[in-house]
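Here are my notes on the model, point by point. Please read them with the structure open.

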Amino acid sequence: MTVHGAIDEIRRVGSIRAENEKLKIRFPESDRARLETAIEALRRNRQAALESISSAAAIPPSESWPESLRELADECAAASGDPETAPMRRGGN
């Protein structure tokens, strides 16, 4: 499994982010067995995964996104249950 494939697999059911040169992965415990291959791929290629996630972090601020994309991001954040994935909005939303 490639690094990008592993990241995509994790993101289908949870979230992944880089923090202090470590990968932070969140997912439902019920999906652990299904994600073992992806998790192992990320362990073996940690630096590449960190670089991939960090380069993806260069996304423009949500204020510059079209309204439809902001709404989709809000829906995805709500569905994930991870408030850190929600875009920052003007006015504190």
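1. Which salt bridge do the side chains of Arg43 and Glu40 meet in, and at what N to O distance? The two side chains meet in a salt bridge of 3.5 Å, N to O. The term means a side-chain nitrogen of Lys or Arg within 4 Å of a carboxyl oxygen of Asp or Glu. Both residues lie in helix α2 (residues 32-44). They are three residues apart, about one turn of the helix. Arg43 is exposed, with a relative accessible area of 55%. Glu40 is partly exposed, at 33%. Here buried means under 20% relative accessible area, exposed over 50%, and partly exposed in between (1.4 Å probe, protein chains only).

2. A word on the basis. This is a predicted model, in which local features need pLDDT of at least 70 and side-chain atom pairs count only at pLDDT 80 or more, while totals for chains, interfaces and linings use all residues. Residues are numbered from 1 along each chain as its sequence is written, and side-chain values use heavy atoms, with hydrogens and water left out.

3. The overall layout. The chain has four helices and two strands. Along the sequence the pattern reads α-β-β-α-α-α. These elements are DSSP runs numbered from the N terminus: helices are H or I with at least four residues, strands are E with at least two. Buried residues make up 28% of the 93 residues. The chain exposes about 6,300 Å², and carbon and sulfur atoms supply 52% of that area (Shrake-Rupley method, 1.4 Å probe). Among contacts between residues at least 6 apart in sequence, 54% join residues at least 24 apart. Contact means heavy atoms within 4.5 Å.

4. Strand β1 (residues 15-19) and strand β2 (residues 22-26) pair in the antiparallel sense over five bridges. Pairing requires that DSSP find at least two bridges between the strands. Glu19 stands opposite Lys22 in β2. Two residues lie between the strands, and Asn20 takes a positive phi near 55°. Glu19 also forms a salt bridge with Arg17, the closest N and O atoms being 2.8 Å apart. Arg17 counts as partly exposed at 26% relative accessibility. Glu19 is partly exposed as well, at 31%.

5. Look at Glu9. Glu9 lies in helix α1 (residues 3-13). Is this residue buried or exposed? At 16% relative accessibility, Glu9 counts as buried. The Glu9 side chain has a polar contact of 2.5 Å with that of Arg12. Another, of 2.6 Å, joins the side chains of Glu9 and Arg34. A polar contact is a pair of N or O atoms within 3.5 Å; within protein, one must be able to donate a hydrogen and the other to accept it, and residues adjacent in sequence count only if both atoms are side-chain atoms. Neighbours within four places in sequence aside, Glu9 is in contact with Arg34, Leu35 and Ala38.

6. The salt bridges together. The count comes to six. One of them joins the side chains of Arg32 and Glu29 at 2.8 Å, N to O. Arg32 is partly exposed, with a relative accessible area of 34%. Glu29 counts as exposed, at 54%. Returning to helix α2, Arg43 and Glu40 both lie there. Elsewhere, salt bridges that share partners join Glu9, Arg12, Asp31 and Arg34 into one network.
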